[in-house]
Amino acid sequence: MTTPVCTSASNAATPRAQTLPYPSFSSYVRARQPVLLRTARSLTSNPCDAEDLLQTALTKTYVAWERIEDHRALDGYVRRALVNTRTSQWRKRKVDEFATDDLPEPEPCPSGSDPAEQQALHDAMWRAIMKLPARQRAMVVLRYYEDLSEAQTAEVLGVSIGTVKSAVSRALGKLREDPELAPAR
């Protein structure tokens, strides 16, 4: 014969404070969390999903805490909540994959450009920018990478608009002369 784990709310008023191995829900969670987390990990393939699953099962246990008659059987109650929750999640999952006869083709790169070449050009551009003096580098980054206007760049750096124009012009001239960027031209 098994011991009932959960009873109705009418039986919840019975005195049982002397027989509780765990005086509160938080003490139970602190004591049993590692064991319960191992159980949750056995039900999922992802450790993060296991933590979410355990959190959901513990929430359900907390809601029913006052109705649980035999606190010695709490692990079984939480395990059952873990399995039921995981089963519900599995049933509700959205299936994004469908069997087809034809395989979808990947999208071609625009204008035949190779992503590896684009990354190499991007890296070469940053190396060339890093060679610029700090002030010119800041102006080029604000002007072209942050897409600020000349007036906004001048305001951020606390200089005049003419200073921004001349410094950016000199910086672009140095970038045009950079030998590392010659293949891109």
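## Model and conventions

Helices (H or I, at least four residues) and strands (E, at least two) are DSSP runs, numbered from the N terminus. This is a predicted model, in which local features need pLDDT of at least 70 and side-chain atom pairs count only at pLDDT 80 or more, while totals for chains, interfaces and linings use all residues. Residues are numbered from 1 along each chain as its sequence is written, and side-chain values use heavy atoms, with hydrogens and water left out.

Asp178 lies in the segment after α7 (161-177). With a relative accessible area of 8%, Asp178 is buried (buried means under 20%, exposed over 50% and partly exposed in between, with a 1.4 Å probe and protein chains only). The side chain of Asp178 makes a polar contact of 3.4 Å with that of Lys131. A polar contact is a pair of N or O atoms within 3.5 Å; within protein, one must be able to donate a hydrogen and the other to accept it, and residues adjacent in sequence count only if both atoms are side-chain atoms.

Asp147 belongs to the loop between α5 (134-145) and α6 (150-157). Asp147 is exposed, at a relative accessible area of 63%. Its phi is positive, near 60 degrees. Most residues other than glycine have a negative phi.

## Nonpolar cores

A nonpolar core is a set of buried Ala, Val, Leu, Ile, Met, Phe, Trp, Tyr and Cys residues joined through side-chain atoms within 4.5 Å. The largest has 19 residues, and Leu58 is among those with the most contacts inside it. Two or more residues each come from α1 (25-43), α2 (47-63) and α3 (74-92); α1 gives the largest share, six residues.
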